[in-house]
Amino acid sequence: MKTIQERLAEILPKITDPAFRESKGLSNEVGYHIFDYDPEHEMIVRDHIAFIKERVNKAGSDIYIREFDLYEIVIAILEEKGYLQKNFEMEQRRGSAFVLNATQKSLRLTLNNDLVIHYMKDRVQSNDIVFITGVGRAFPFIRSHTILNNIHRAVGRLPVVMFFPGKYNGQSLMLFNELKDDNYYRAFPLVGYR
């Protein structure tokens, strides 16, 4: 079994290979990838993502890592709409379950005007590789399979890497190694364990 450091070290060469951006070898499928990891390695993974972005996102580079932290997106949308403080007050009066439901409705998840998808769509460019982070921090407001099922509306055929704190076996997602998410079959594991 590879260590987390060995697995992380394989990411940069993989994503900078021109075949990665062209989705070659994937039977012309959409280039969605998942880098799953033990949740205890969250800070190591975050640091490595910053390292990758520092190495790739340089002037003159023909690719750019565009990171979307789902948690930060939710906070930004709620602040922009003036809902963030209202959510805190509503939670005091009506409870967490009510706020969860109200927040999900206000984000319009899975609808044609999904605010999270629009947030991403407004910020991607043609030379991007999209990194999705903050999956664990955004739970339960946003579920990973919801993003994977709808992100094509934001990124088209750009390659996507979701950093997932849990297990992905190529068919199902297990957040925090405990919570089974809906099945998702279209993503490829980015780096194996062997």
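P140 sits in the loop between α9 (135-138) and α10 (144-150). In this predicted model, the peptide bond leading from F139 into P140 is cis, and its omega is near 10 degrees. Most peptide bonds are trans, and most residues other than glycine have a negative phi.

R108 is found in the loop between α7 and α8 (115-121). Although R108 is not a glycine, its phi is positive, at about 60 degrees. R108 counts as partly exposed because its relative accessibility is 28%. T110 belongs to the loop between α7 and α8 as well. Its phi is near 75 degrees, again a positive value in a residue other than glycine. With a relative accessibility of 47%, T110 is partly exposed.

**Helices α6 and α7**

Two packed helices are described by the angle between their axes and the distance between the axes. For helix α6 (residues 84-94) and helix α7 (residues 96-107), the axes come within 7 Å and cross at roughly 140 degrees. The pair is therefore classed as oblique; the label for roughly antiparallel applies to angles over 145 degrees. On the α6 side the contact is made by N87, M90, E91 and R94, and on the α7 side by S96, F98, V99, A102 and T103. Sorted by class, the contact between α6 and α7 has four nonpolar, three polar and two charged residues.

β1 pairs with β4 in the parallel sense, over six bridges. Within that pairing, F35 has F163 of β4 as its bridge partner. β1 also runs parallel to β7, and two bridges join them. Here H33 is partnered by F188 in β7.

P189 is placed in strand β7 (residues 188-189). The C-alpha atoms of P189 and F35 are 6.1 Å apart in space, although the two residues are 154 residues apart in sequence. Leaving aside residues up to four places away in sequence, P189 touches I34 and Y168. P189 has a relative accessible area of 44% and is partly exposed.

**Aromatic pairs**

A pair of aromatic rings is described by the distance of the centres and the angle of the planes.

| Pair | Centre to centre | Angle between planes | Class |
|---|---|---|---|
| F35 and F163 | 5.8 Å | 50 degrees | tilted |
| F68 and Y119 | 6.4 Å | 75 degrees | edge-to-face |

F35 lies in strand β1 (residues 32-37) and F163 in strand β4, so this pair ties together parts that are 128 residues apart in sequence. Both F35 and F163 are buried. F35 and F163 also belong to a cluster, in which ring pairs link F35, Y37, F131 and F163.

In the other tabulated pair, F68 lies in strand β2 (residues 64-69) and Y119 in helix α8, so parts that are 51 residues apart in sequence are tied together. F68 counts as buried because its relative accessibility is 3%. Y119, at 22% relative accessibility, counts as partly exposed; the cut-off for buried is under 20%.

Definitions and conventions: Residues are numbered from 1 along each chain as its sequence is written. This is a predicted model: local features need pLDDT of at least 70, side-chain atom pairs count only at pLDDT 80 or more; totals for chains, interfaces and linings use all residues. Side-chain values use heavy atoms; hydrogens and water are left out. Axes are lines fitted to C-alpha atoms, for helices over the stretch in contact, and angles run from 0 to 180 degrees between N-to-C directions. Helices (H or I, at least four residues) and strands (E, at least two) are DSSP runs, numbered from the N terminus. Angles under 35 degrees count as roughly parallel, over 145 as roughly antiparallel, 65 to 115 as roughly perpendicular and the rest as oblique. Contact means heavy atoms within 4.5 Å. Ala, Val, Leu, Ile, Met, Phe, Trp, Tyr, Cys and Pro count as nonpolar, Asp, Glu, Lys and Arg as charged, and the others, Gly among them, as polar. Buried means under 20% relative accessible area, exposed over 50%, partly exposed in between (1.4 Å probe, protein chains only). Rings of Phe, Tyr and Trp (its six-membered ring) pair if their centres lie within 6.5 Å; planes under 30 degrees apart count as stacked, over 60 as edge-to-face and the rest as tilted. Two strands pair if DSSP finds at least two bridges between them.
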